[in-house]
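Colleague: I'm new to this one, and I'd like to learn how to read it feature by feature. Could you walk me through it?

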Amino acid sequence: MATSTPYSHFSLILLSISSCVSGASIHRRLAVPDGYVAAPYYPTPHGGWTADWSESYRKASLLVSNMTLAEKTNITAGTGIYMGRCVGNTGSALRVGFPQMCLQDGPLGIRNSDHNTAFPAGITVGATFDKDLMRRRGEALGEEFRGKGINVYLGPSVGPLGRKPRGGRNWEGFGADPVLQAFGGALTVEGVQSKGVIAAIKHFIANEQEMFRMYNPFQAGISSNLDDRTLHELYLWPFAEGVRSGVGSVMISYNAVNGSACSQNSYLINNVLKDELGFQGFVVSDWLAQISGVSSALAGLDMSMPGDGAVPLFGDSYWMYELSRSVLNGSVPVDRLNDMTTRVLAAWFQMGQDSNYPSPNFDTNTQDETGLLYPGALFSPKGVVNEFVNVQANHADVAKEVARDAITLLKNINNTLPLKLNSTLKVFGTDAEKNSDLNSCSDQGCDKGTLGMGWGSGSARYPYMDSPIDGLKARGANYKFYDTNLFPITDKASPGDVALVFINADSGENYITVEANAGDRNIVGLKAWHNGDDLVKAAAKKYDTVVVIVHTVGPILMEEWIDLPSVKAVLFAHLPGQEAGDSLMQVLYGDVAPSGHLPYTIAKQESDYGESVELVGFQLGQPQDTFSEGLYIDYRHFNKEGITPRFAFGHGLSYTSFSFSNASISSVTPLTAVPPTRPAKGEVPSYSTAIPPASEAYWPEKFDRIWRYLYSWLDKSDADKAAAKANSTDKYPYPEGYSTVQKAGPAAGGAQGGNPALFDTAYTISVTVSNTGKVAGKAVAQLYVQFPTDISIDTPVIQLRDFEKTRELAPGESQVVKMRVTRKDLSVWDTVSQNWIVPNVGGDYGLWIGEASDKLGLRCGTSTGRCADDVKSPV
Ligand code: NOJ
């Protein structure tokens, strides 16, 4: 059973409330293993230096130069948890025309709302390997968020990356490979933002497990300890692509990296994100992840969410009125506040939210029409909070297309699939039919019926669930359904019957525990839930033909039954959202051939994934999670160790077959060992750095306060006292390495995403994909790079760099598919020069093309300029 509360962040609150007991102790940085460093980097680079944002910064600066201190601090923080209709609500600056901003989850659809679409989850999108669908789902999400009056879409999730197969939230992202994750994330950003909604790509960074993620008074949040090369080549890669796509916001994560909490890690925010990646938008905290006022401001945080301090719901904040005070007393430079404010406003202008943007018309706190306007307040006015605006339009179509084209056929003996319409079917497993009380578990915190998504803030309410049983009914299939996970003793199998066995595996966010699993799959491990293995085995004993259908958040172990002779076919339908039924029927009955591919590796046994990627359990002091495997996660690890997985990353069968031929490679931009010099930063807005008069922070006269609501004003005496302190000799203890002198920026920077030369196409590859089978189908061409074998730098055997899905090809039909590799794709991160280096400019990179990471039939060489199909694959 789920243990959750109507207020989904309640356990976050409990943790924070108790932090008043000894709040200070958590701020001290604790020791991490030798060699893992979070170096200081100050000051925060001013935003506005890239040409693509300059007009928005110009507009923003006109407002900022006219704003008072309290107006500025009011828009850089939330008004408090449950203090508005959205999961996060900023203050406003109405005098200059800036309304409150509404921030709302989540990656697969609007959380806790109505008349919205429950889209397939990120992991399902990843499994499509279809860039066009990634983008179109993003557009549909953008339309829905805009339609509900949401300014900021709290997604996509590209971290966790999926380092730990048991990790609770991997399913919110697109797969355990940085490039797949990057395309999924960046195309979602582009789709969402094309509708004027700001995307907040998250969680920055290395938030690879749920347990121990948060700081609390008794224990610091888990420290993900990783080296700089691993950071750049794996975990940062999808964020870099999101920034390159112009993302308006980045959400920092709860955990620490190399001992420094992400919410105040100046190396990560000031250096990596804002200078090296050239991020121009605003950095928002994860909810209650902020653990300090001044330190987080100096380290580059721009927005505190939901605004509360150590003790939520009591009207305390680290920022708001405290930030006003910190600016007045000189501890936070005015310059930093101006930059925060400008970044928030610039993102708003950049998406065009200054004209005709709707206000929120829904309430995340209740499904009722009327309710408390500020449920977190002691006394709150009431009003209409849900206007039930239908934002679904025709988005079910793209949702279904994603669900269908993600379905991954892992095994299909003797062409068992597709089924014939007249087959007699016996259907087993509660996962085949929806939970009759569809949205009864808050934030989907239970595993009942068809699993369409995991649990937590990344969930949405289902407007409906088209279940597999609905699908069978609609097809007029001849079936009998046993709604149980225990094999029914009464069942009688007749010759020719086909057993469809539905099993699943769930996971989610840490504030809800489901069947003893605290977000991560810490109890069930990688086994199917609800005795799924036994159900399959029992069916396999009685039936000659068993088809297993799996709804899952990630890999499951199938060794107990995968090789049983009667287990003829296995389909992964991932997490289809509301469209679980007809999407599956279209594949089961062969209207379309399956075209999904695995976005992760499925091992034969859990230990095959490697020891270092196990969940970290309780440790005295700050839990230390050291990424000692470096680059070697998922298939990179299997290939290095020579471990044969059960199903490799990228694996996916079809009802037809494809050939890849006529490959050719062309050099586009010649490589150099070091990228061309970065462009210099452009002009940024400049403002007076004088501390504003204390009067700018005084409460307005006769102001009707709501108790516990967070405001940015101070009592006159407090403001005056703070202002007087600015002249005292008693200075704030600035951190080591603190500086206020703006830097020119690192060599690896220069534009959004990094030095633009990194994204120059080095080679294009074209290949003819032909349907050589008997039915129509879509193929996925995957391109992996193998670094020249003569270099001294250790690199993974192969790494995905691009992919393309074909259109549906009729039997005998061909399509020429084009892919590319960039300079960055052929580089390694050099930790000494802090730059992307091509290790052997004239070396022969192998660009391997095929249908899966272990099915690579073609090799194009960069130095030979030739492609061949008779070379032995490295995997
Ligand atoms: C915490 C989650 O980690 C984050 O993903 C979410 O956006 C916020 N809560 C807001 O609900």
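Predicted model: local features only at pLDDT ≥ 70, side-chain atom pairs only at ≥ 80, totals over all residues.

Colleague: Let's start with Ala240: is Ala240 buried or exposed?

Modeller: "Buried" means under 20% relative accessible area, "exposed" over 50%, and "partly exposed" in between, with a 1.4 Å probe and protein chains only. Ala240 has 1% relative accessibility, so Ala240 counts as buried. Residues are numbered from 1 along each chain as its sequence is written, and side-chain values use heavy atoms, with hydrogens and water left out.

Colleague: Which helix does Ala240 lie in, and what is Ala240 in contact with?

Modeller: Helices (H or I, at least four residues) and strands (E, at least two) are DSSP runs, numbered from the N terminus. Ala240 lies in helix α8. Contact means heavy atoms within 4.5 Å. Apart from neighbours within four places in sequence, Ala240 is in contact with Leu277, Gly753 and Lys824. For a sense of distance, the C-alpha atoms of Ala240 and Asp132 are separated by 20 Å, and these two are 108 residues apart along the chain.

Colleague: How do I read a whole helix, say α7: how many of its residues are buried?

Modeller: Go residue by residue and count. Helix α7 spans residues 228-235, and eight of its eight residues are buried. Among them are Arg229, Leu231 and Tyr235. The cover over these buried residues includes the helices α6 (178-193), α8 (237-244), α9 (266-276) and α17 (634-641), along with β26 (828-830) and β27 (835-837).

Colleague: What caps the N-terminal end of α7?

Modeller: Here you need polar contacts: pairs of N or O atoms within 3.5 Å, where, within protein, one must be able to donate a hydrogen and the other to accept it, and residues adjacent in sequence count only if both atoms are side-chain atoms. Asp227 does the capping, with a side-chain oxygen 3.1 Å from the backbone nitrogen of Arg229.

Colleague: What should I expect of phi and peptide bonds in general?

Modeller: Most residues other than glycine have a negative phi, and most peptide bonds are trans. In this model, Asn112 has a positive phi of about 50 degrees although it is not a glycine. Asn112 sits in the loop between β3 and α4, and is buried, with a relative accessible area of 16%. His574 also has a positive phi, near 55 degrees. His574 lies in the loop between β19 (567-572) and α16 (582-588), and its relative accessible area is 0%, so it is buried.

Colleague: Where are the cis peptide bonds?

Modeller: One joins Asp105 and Gly106, with omega about -10 degrees. Gly106 is in the loop between β3 (102-104) and α4 (122-128). Another joins Lys202 and His203, with omega about -5 degrees. His203 belongs to strand β5 (residues 198-204).

Colleague: Which residues are closest to the ligand?

Modeller: A residue is near a molecule if one of its heavy atoms lies within 4 Å of it. By that rule 15 residues surround the ligand, and the closest are Asp105, Arg169, Lys202, His203 and Asp286. For His203, a polar side-chain atom is 2.6 Å from a ligand oxygen. Asp286 has a side-chain N or O atom 2.6 Å from an oxygen of the ligand. The protein covers 100% of the 300 Å² of accessible area that the ligand has on its own, by the Shrake-Rupley method with a 1.4 Å probe.

Colleague: Last one: where is Thr656, and what does its side chain reach?

Modeller: Thr656 lies in the loop between α17 and β21 (658-667). At 10% relative accessibility, Thr656 counts as buried. A polar atom of its side chain is 3.3 Å from the backbone nitrogen of Gly773. Beyond its neighbours within four places in sequence, the contacts of Thr656 include Asn771, Lys774 and Val775.
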